[in-house]
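Here is a short briefing on one protein model. Keep the sequence and the 3D view open as you read.

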Amino acid sequence: MSQYKTPLFSGLLAHAKKDPVQFHIPGHKKGTGIDPEFRDYIGDNALAIDLINIGPLDDLHQPKGIIKEAQDLAAEAFGADKTFFSVQGTSGAIMTMVMAVCGPGDKIIVPRNVHKSVMSAIVFSGATPIFIHPEIDEKLGISHGITTDSVSKALELHPDAKGVLVINPTYFGISADLKKIVDIAHSYNVPVLVDEAHGVHIHFHDELPLSAMQAGADLAATSVHKLGGSMTQSSVLNMKGNLVSAKRVQSILSMLTTTSTSYLLLASLDVARKRLATEGRELIGKTIELAQSIRRSINEIDRLYCVGEEILETKAAHDYDPTKLIISVKELGMNGFDVENWLREKHNIEVEMSDLYNILCIITPGDTEREADILVSALAELAKERQGNTEKLETQVLLPDIPVLSLTPRDAFYADTELVPFDESEGRIIAEFIMVYPPGIPIFIPGEIITKENLRYIKTNMEAGLPVQGPEDYDFKYLRVIEEHRAIR
């Protein structure tokens with residue numbers, strides 16, 4: 001198979017060139033029926049290939065033609081046995097992975113710092129999560145991955161688990177020893193599911209961490225749109241081995257996927273795969289060089305620190321992705337959220353995320369020296385502005401113990417519930433999700449007993465201006481909990 005081919009994109013272009021008379025959806029009919037201002041901005045070409053699953057264009061739900069060929073090329077590029085395209089983002093692919101291996105009452109081993117899509121899938125499937133504490137970086141105040149020892153211990157205690165889910169690399173670009181984790185899980189005949197949302201590029205350069213498929217994982221949900229050059233919401237689900245049924249994966253992915261699949265998104269996956277497979281090493285090599293140059297420049301700025309390979313001193317940090325710039329700002333006496341706002345207001349710079357102590361910037365083949373200089377100059381200006389400030393934030397890693405799970409998330413989510421005041425909720429069983437997003441790490445999941453420590457953690461994040469999300473009461477005056485029947489007097 002030639003990785004220079006783009007069967008899906010080329011097929012769409014050939015179809016558009018025929019200029020068929022369309023008596024099918026979408027109703028804008030090649031842009032003629034859409035708002036003129038929008039059409040002028042988007043362009044006729046994009047609207048001409050905004051099509052649906054008519055005969056010549058194949059069907060994502062049961063691919064046999066150009067979509068199948070594009071997926072087969074992607075499988076070859078990623079070293080997978082089979083690749084499925086997702087237009088429901090990586091969240092849809094992650095939910096598919098979990099639901100493909102878990103049913104009601106089944107156990108799944110997951111790190112606590114999982115994305116909210118994992119917990120959604122656990123609710124949908126009726127599974128019971130067995131949580132592993134991620135390793136905590138006390139210096140940076142962030143979570144890393146899980147260790148091989150913690151996976152071994154979890155499987156010793158729960159050999160009947162239906163899967164082990166690993167985040168690799170983490171949002172911050174830190175990788176665990178994935179190959180060893182896969183070997184441990186496979187010794188129990190347990191499949192490994194990888195949330196590879198932030199690692200599409202690692203497969204295509206040998207100076208980056210091992211990819212899920214290289215490590216022998218069974219399923220990997222990979223965000224091509226995040227760092228691989230496809231359009232937002234387009235991802236792939238890669239599969240290897242025979243511990244999970246490919247037909248079941250296809251069936252569940254189809255259940256979770258719209259029947260009106262976007263061919264713009266699908267085509268962008270096709271061309272992104274071509275570029276990664278044919279030019280990826282060169283493009284990513286230049287990206288690594290640029291990121292390392294920015295890292296060196298930031299580390300020359302007083303009271304700023306951009307993390308490098310010294311991060312690899314802990315068990316959970318087996319490898320790291322240098323294209324992720326974790327910039328510690330605590331010595332400026334500002335939290336990450338305030339720095340994010342300052343960069344936005346003063347220099348029109350948008351960062352990937354911020355937390356109490358850091359900002360995160362990602363460098364991709366779409367960046368140049370121009371953007372690098374703008375970032376470094378802005379950070380140097382901020383450091384100079386804060387010169388007279390002697391305050392320094394001390395990192396307090398406020399990640400309390402994981403609360404007791406008294407009901408399965410599914411049972412709690414569908415139980416009879418009531419709203420109680422936030423400050424009176426300690427000891428009750430929560431019936432909704434609460435998380436800091438991004439990156440979407442749960443503070444509470446349905447079925448857990450509310451603790452004072454977690455309530456304080458919510459308040460700390462909110463006071464810092466960080467995006468705590470989840471409850472139906474956006475103001476956090478009330479939490480939804482399992483209804484308690486009052487005693488009969």
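E340 sits in helix α12. E340 counts as buried because its relative accessible area is 13%, and buried means under 20% relative accessible area, exposed over 50%, partly exposed in between (1.4 Å probe, protein chains only). Helices (H or I, at least four residues) and strands (E, at least two) are DSSP runs, numbered from the N terminus.

The model is predicted: local features need pLDDT of at least 70, side-chain atom pairs count only at pLDDT 80 or more, and totals for chains, interfaces and linings use all residues. Residues are numbered from 1 along each chain as its sequence is written, and side-chain values use heavy atoms, with hydrogens and water left out.

**Around E340**

- Setting aside neighbours within four places in sequence, E340 is in contact with V351, M353, S354 and I359. Contact means heavy atoms within 4.5 Å.
- Helix α12 spans residues 336-347 and lies across β14 and β15.
- The helix runs at about 50° to β15. Axes are lines fitted to C-alpha atoms, for helices over the stretch in contact, and angles run from 0 to 180 degrees between N-to-C directions.

**The sheet with β15**

- Strands of a sheet pair through backbone hydrogen bonds, either parallel or antiparallel.
- Here, four strands form an open sheet in the order β11-β13-β15-β14, with antiparallel pairing. Two strands pair if DSSP finds at least two bridges between them.
- The edge strands are β11 (305-306) and β14 (353-354), and each pairs on one side only.
- β14 and β15 (residues 358-362) are joined by two bridges and run antiparallel. They form a hairpin, with three residues between them.
- M353 stands opposite L360, and S354 has I359 as its bridge partner.
- Strand β13 (residues 324-328) also pairs with β15 in the antiparallel sense, over five bridges. There, I326 stands opposite L360.

**Around β9**

- Strand β9 covers residues 219-222. L219 and A221 point one way, A220 and T222 point the other way, and all are buried.
- Strand β8 (residues 192-196) runs parallel to β9, and four bridges join them. The bridge partner of V194 in β9 is A220.
- Strand β10 (residues 235-239) pairs with β9 in the antiparallel sense, again over four bridges. Here A220 stands opposite N238.

**A buried loop residue**

- N168 lies in the loop between β6 (164-167) and β7 (174-175).
- Why does N168 count as buried? It does so because its relative accessible area is 1%.
- Beyond its neighbours within four places in sequence, N168 is in contact with S175, A176, L178, V194, D195, E196 and L210.
- N168 and K5 are 163 residues apart along the chain, and their C-alpha atoms are separated by 29 Å.

**Cavities and pockets**

- On a 1 Å grid over the protein atoms alone, a cavity is a set of points where a 1.4 Å probe fits but cannot get out. A pocket is an open set with protein on both sides within 12 Å along at least five of seven lines. Lining residues have an atom within 4 Å of a point.
- Grid points are joined across faces, edges and corners, and a volume is the space filled by probe spheres set on the points.
- The model has five cavities of 30 Å³ or more. The largest cavity holds about 60 Å³ of space.
- Its lining is H201, L227, I284, T287, T323, I363, T364 and P365. These divide into four nonpolar, four polar and no charged residues. Ala, Val, Leu, Ile, Met, Phe, Trp, Tyr, Cys and Pro count as nonpolar, Asp, Glu, Lys and Arg as charged, and the others, Gly among them, as polar.
- The second largest pocket holds about 310 Å³ of space. Of the 17 residues that line this pocket, I349, E350, D367, E371 and L375 are the closest to its centre.
- Which helix gives the largest share of this lining? It is α13, with five residues. β15 and α13 (369-385) each supply at least two residues.
- The lining of the second largest pocket divides into 10 nonpolar, two polar and five charged residues.
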